[in-house]
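Please open the model in your viewer and keep the selection panel at hand. The stops below say what to select next and what is there.

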Amino acid sequence: QELGNKEYMYELNHYGEVPKTIVGLELPKKTFEVDADGMKVEMDAWQYMIIRLSEHSLESGIMTTRGIYDLRRLAKKSQDEKKRHFGDTPSKDQKKKKRKSE
């Protein structure tokens with residue numbers, strides 16, 4: 001994801017059941033004139049708010065949705081690696097059973 005599109009770094013899709021309560025923000029149908037890289041740009045209030053919230057979150061060190069996903073994936077991979085290595089070495093009981101069957 002591009003760093004220029006900070007608002008997408010905190011985007012989250014929900015795939016479960018629809019929650020019983022949804023919290024939202026109501027913003028005026030208004031536009032702002034914003035300075036973007038030295039140029040004046042007209043922007044809707046909702047878009048400006050999302051960009052500012054995401055910039056604030058990023059500056060505060062709040063992890064992005066991609067960062068959280070990567071951490072979870074890494075933790076799962078680490079657990080899978082431990083399980084695989086643990087299972088590679090036969091236990092004493094497994095060795096005894098193998099000897100008896102031979």
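Which residue's side chain meets that of arginine 52 in a salt bridge? Select arginine 52 together with glutamate 55: their side chains form a salt bridge at 2.5 Å, N to O, where the term requires a side-chain nitrogen of Lys or Arg within 4 Å of a carboxyl oxygen of Asp or Glu. Before going further, note that this is a predicted model, in which local features need pLDDT of at least 70 and side-chain atom pairs count only at pLDDT 80 or more, while totals for chains, interfaces and linings use all residues. Residues are numbered from 1 along each chain as its sequence is written, and side-chain values use heavy atoms, with hydrogens and water left out.

Both partners of this first stop belong to helix α1 (residues 45-59), where they sit 3 residues apart, about one turn of the helix; helices here are DSSP runs of H or I with at least four residues, strands are runs of E with at least two, and both are numbered from the N terminus. Glutamate 55 is buried, at 19% relative accessible area, whereas arginine 52 is partly exposed, at 40%. Buried means under 20% relative accessible area, exposed over 50%, and partly exposed in between, using a 1.4 Å probe and protein chains only.

Next, select aspartate 70 in helix α2, with arginine 66, which lies 4 residues away in that helix, and arginine 73, which lies 3 residues away. Arginine 66 pairs with aspartate 70 at 3.5 Å between the closest N and O atoms, and arginine 73 forms a salt bridge with aspartate 70 at 3.9 Å. Through shared partners, Arg66, Asp70 and Arg73 are joined into one network. Aspartate 70 is partly exposed at 28%, as are arginine 66 at 43% and arginine 73 at 45%. In the whole structure, a search finds 3 salt bridges.

Then select Met63, Ile68, Leu71 and Leu74, which make a nonpolar surface patch of about 360 Å². Such a patch joins nonpolar side chains (Val, Leu, Ile, Met, Phe, Trp, Tyr) within 5 Å, from residues with over 30% relative accessible area and no salt bridge. Leucine 74, found in helix α2 (residues 65-88), counts as exposed because its relative accessibility is 54%.

Finally, show the whole chain, which has 3 helices and 2 strands in the order β-β-α-α-α along the sequence. Buried residues make up 10% of its 102 residues.

Key:
Patches are made of residues with over 30% relative accessible area and no salt bridge: like charges are joined within 9 Å, nonpolar side chains (Val, Leu, Ile, Met, Phe, Trp, Tyr) within 5 Å. Accessible areas come from the Shrake-Rupley method with a 1.4 Å probe; for residues, only the protein chains shown count as cover.
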